[in-house]
Each structure stands twice: as structure tokens, then as C-alpha cells.
Amino acid sequence: MTQHLADPAVDTATTPERRGGGRDWWRDAVIYQVYPRSFADGNGDGMGDLEGVRGRLPYLRDLGVDAVWLSPFYASPQADAGYDVADYRAIDPMFGTLHDADAVIRDAHALGLRVIVDLVPNHCSDQHAWFRQALREGPGSPLRERFHFRPGRGEHGEEPPNDWESIFGGPAWTRADNPDGTPGEWYLHLFAPEQPDFNWEHPAVRDEFRSILRFWLDMGTDGFRIDVAHGLVKAEGLPDLGRGEQLRLLGNQAMPFFDQDGVHEIYRSWRAILDEYSGERIGVAEAWTPSPERTALYLRPDELHQAFNFHFLGTPWDAEKMRAVIDESLESMRPVGAPTTWVLSNHDVVRHTTRYAEESPEQGLRRARAAALLMLALPGSTYIYQGEELGLPEVTDLPDEVRQDPSFFRENGQDGLRDGCRVPIPWSGTEAPYGFGPVPGGPSWLPQPESWADLSVEAQTGDPGSTLELYRSALALRRDHADLGAGESVEWLDAPHGVLAFRRGDFVCTVNTTKAPASIAVPGRVLLASGELPDPDGAFELPADTAVWWAG
């Protein structure tokens, strides 16, 4: 099933026209996450695809981002929205072909955008060739050693091998049938039963993924976002957890299957491969760890380049708590010389516009706009999840019959509501699907709210008060201001309770996280504000839930 190109993609990673083409581009890059099935539909079937992504690349260039991260587009039965990969060297037909992927990479490079692809190494699909052969051959098959097959407990092996639970709910083990149809061994899946975990102690698994890395690097990709980077290695002997509470994908508990020290040997070998290629190709860890200090271990000089800062993402709208996380995040990266990353939303969490809405949607949007300016003012690299630049809220009223999140259908799993942040984004027009596809009134794999007509790219473009124009202005200022972007620290300034204020050279950022105006001294000339401001004359009242950038 693996697809092949007639002509390998030209290595464009060092094209001089690329923005951020200097050394260590990833230290201050703004990276935009594209969830392909919800970004743009190029062929009108209601499902986003690579043709749609390709057609919208100029929008991302004009937005002002440096790189595009593409969530999985590999051949997959789609049991978990493509995170169940059947073939890592083929494109799923719903998204296009390998030639379409090549065209996206080439066009992005021509526009000055880098391309990062998702890699899913913890598990594959139960339709992967290795796993299917392991089932066909039964117990004793050498292919079973590439996964975690174990006999069950109990008199007849009727109980799972240990007490681990799936992130999606229920046991983390499923019992396979023997070739003769009788009940057989169990296999481990930390996620859905259709996603068997690889055994990373097996050399064939390590060899295969080194080959996969080279395949996509040869295609011209600029790096990899590594899914469940903390989960590849399990504790020796697969010991019982010993407690019964449900696991959480976004939790920070110490677990025998997460954040084991053995993962670092794997990433050192991957870093050696990345360094063989020109253009500074990078690895980005999705690593849920108990602390920023544990996250930093993935970013030592001979390992990966970045890791998502989920501690920042999970911080409530509170100045004291935000300052503590910012300080902790920056401090933890200094010993390893890695940039801190900042992210507010992604495809697995409730959109921050809704998370911040304690009292009303309007409050949530005000806070989300202020949070965006805070995030973009901090030193390091920033991730933007598609649609957050439009101020999109979470869709919380999707009918049960349209939901596709696998944990929605499993008892005691995650909340099962990830579909709400994956609704296709609106581009234009006054009725669904709002330009998502090429046909007005055409299909969309998830329904969009009627209120999104006012949030489309078309509706917001040119409106100086819109969230889209706020992001465009902020990204342009961030790129042009000498004191923004890469860095290791901020200088905190005195500020009233509930207000964050820090300096970076001649730049100052102030953020009021309270529900009332706060009096502050004017630190300079206003560059940009997340909301309307009074005239800055002497004592200045910083409005509630508002951020301001100043030239100090």
C-alpha cells in the first residue's frame, strides 16, 4: 500500500526565500497547527484534505506564521481521526495522495513556510501489516514481539495481564482470537483497541521508524511533531498501577507507561538523523510530564528541539498563577539551552475562548485576545491552533449522532468531547459550510454553528477590531520588533494585584486578568491592544481582561 513518488521532492529546506531561514529558526518560530480534515475541503466531499490545505497556504503566509504543522494524513481506518496509522509512507485517500503531500511541501516552501508533519510512534492501527500478520500467525509469531502481547490472568486467561486502563476508557488490553477462533493472548493499547502499542524494546521497531523519518525528510519536510512522545517505553515487566482512578491524557501523574527514562535513547538516535539533513530539521515532543523539569529532559542538546508547554496551556486566567508558570517554564529550559514554547489550544482540548468564559462568551473572547498578546510577547516559540486567530469558541452542542471522538463511545474515558474543537473553520459566506468546501451549501463532516458567519475569514478581514486583524498585527509586530521572539527571560515590573507587567528590552507587555480596571503607570507608547483603551495620559486605567503592548 505504501505510495511512491516518481521524482523525490527537491530539498528546499535551505531555499533563501524562506522566512526564518537563519540559524536556529525554531527558537522563535510561530507554528500554525492545521488539522487537515477541518481546515479546508478541496474536492467538495465534506472532509478537509491536502488539496484544501494547499489552496489556503497563502492565507497562512499572510497571517504571518513561520511554519505549518500538519496533523496526521497517513493511510488509516480513522478509528481515532488518523492517529491510528496503517501505513506511515502512504496518504489516506480521504486526504489525497503522496503527490498532494509533495505539492503542499513544495508550495509551502515557495511561500516561505516550513512544514512539520505529525508522527505517531507509540502505536499504530490494528490494520497495520505487522499487526495483521501477528494476529494471523497466532501465539509464538515473531511479529508479536513488536507489540505487547501477553497471556491473561485467571484460570483460563480471561483477565487482562495487568490493571492498566486505556486513556479512552476501559482496560488497556484487548483479547485477541487465536487463528482457530478460540480466545488467545491479550495485546496492549493505551488508547483505542484499534491502536495497538508498539514494543520499543524490539530493534525492528526502532529500525522501522528511523526509516520512516528518512522517508519524510527526503520528501522535504522540516521536522516532526511526535505524538505521545512520553509513552514509547514502558516500565520493565509492565507492573500493575495499583490504583483505580481513570487515566487522563492531559494529566501529569507518574505512570509506569509514561515518561520512562528509556525514551531518551530513542530521541538521541532520531536527533542524529535530523542533524544529517540541511535546513535545521527539528523534532517537537508532545510530552505530558509531571513537571517542566521532566519535560526539559527531552530537550537536551542531543535530543529534541522543542516540547509543548502544556503547563502553560492548563493555567487558569490568573496573573499570579500565570507568572509562576511562566517563570517555571523559562527556568526549566535554561539548563538544556532549549526554547520555551507557548500554546493555548490544540485539537485535544477545549478552545481557550471557551475555557476562559466563566461568565459569558464575550468575557471568554476578551480574555482569549489578551492571552494571545501575552503568549506572543513571551520569549520562545509559539503555537497557534487553526481558528483561534478567528476567536472561534468550542462547539458544545454537537448532536451525539455526529460525534466521532472514540472516547465519547467508551465508558469512563476522556470527556469524549474533542469534536467540539475540531469543527471545520469558516472561510467565507453567510451560510454553512462557510467556504470550507468549494460548493456553497455543500457538506461538512461536522456541522458549524450559524453564528460562525460573523467569524469567517472574509467577515473579519479588514475590520480593525476583529480577532483576525489583531493576530495579523501582533505577528507582524513580533517579527519586526528586535526585542520580541527568541530569549530566555523577562524582566518583571511592579504592577497591581491581578496585573502582569514585564519588559523585554524596549518592549513592555501589560495584562490585566481581573474583572475591573487597574491603574498603572504608562510605560511608553501603545503598539497594540487587545481591546479598546482610554487615552493614556498620566495615570492609566488598564481595562479588565485586556493586554497592551508598549514601546518602552
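I started with Trp-26, which touches Glu-280, Ile-282, His-305, Gln-306, Pro-339 and Ser-381, leaving out residues up to four places away in sequence; contact here means heavy atoms within 4.5 Å. This is a predicted model, in which local features need pLDDT of at least 70, side-chain atom pairs count only at pLDDT 80 or more, and totals for chains, interfaces and linings use all residues. I number residues from 1 along each chain as its sequence is written, and side-chain values use heavy atoms, with hydrogens and water left out.

Still on Trp-26: I find it in the segment before β1 (30-34). Helices (H or I, at least four residues) and strands (E, at least two) are DSSP runs, numbered from the N terminus. Trp-26 counts as buried at 6% relative accessibility. The cut-offs are under 20% relative accessible area for buried, over 50% for exposed and partly exposed in between, with a 1.4 Å probe and protein chains only. I also checked Trp-26 against Phe-540: they are 514 residues apart in sequence, and their C-alpha atoms are 37 Å apart.

Next, Ser-125. I see it in the loop between β5 (114-119) and α4 (129-137), buried with a relative accessible area of 0%. Setting aside neighbours within four places in sequence, I list Pro-77, Asp-84, Val-85, Ala-86, Phe-131, Glu-194 and Pro-196 as its contacts.

Then His-264, in helix α6 (residues 263-276). His-264 is buried too, at 2% relative accessible area. Its side chain makes a polar contact with the side chain of Glu-303 at 2.8 Å. For that term I need a pair of N or O atoms within 3.5 Å; within protein, one must be able to donate a hydrogen and the other to accept it, and residues adjacent in sequence count only if both atoms are side-chain atoms. Beyond four places in sequence, His-264 touches Leu-297, Tyr-298, Arg-300 and Glu-303.

I checked the length of helix α5 (residues 203-218): its 16 residues at 1.5 Å each should span 22 Å, and the end C-alpha atoms are 23 Å apart, so the two agree. The expected span is 1.5 Å times one less than the number of residues. Among the buried residues of α5 I note Arg-206, Glu-208, Phe-209 and Trp-216. Gly-220 follows α5 with a positive phi, near 105°.

Aromatic pairs: rings of Phe, Tyr and Trp (its six-membered ring) pair if their centres lie within 6.5 Å, with planes under 30 degrees apart called stacked, over 60 edge-to-face and the rest tilted. I count 33 aromatic pairs by this rule. Phe-168 and Phe-191 have ring centres 5.5 Å apart and planes at 75°, so I log the pair as edge-to-face. Phe-168 lies in the loop between β6 (149-150) and β7 (173-177) and Phe-191 in the loop between β8 (183-188) and α5, so the pair ties together parts 23 residues apart in sequence. Both are buried. Trp-200 and Phe-209 make a tilted pair, 5.1 Å centre to centre with 40° between the planes.

Last, charges over rings, meaning NZ of Lys or CZ of Arg within 6 Å of the ring centre and within 35 degrees of the ring normal. I have Arg-56 over the face of Trp-427, at 4.0 Å from the ring centre, and the charged end of Arg-144 over the ring of Phe-149, 4.3 Å from its centre.
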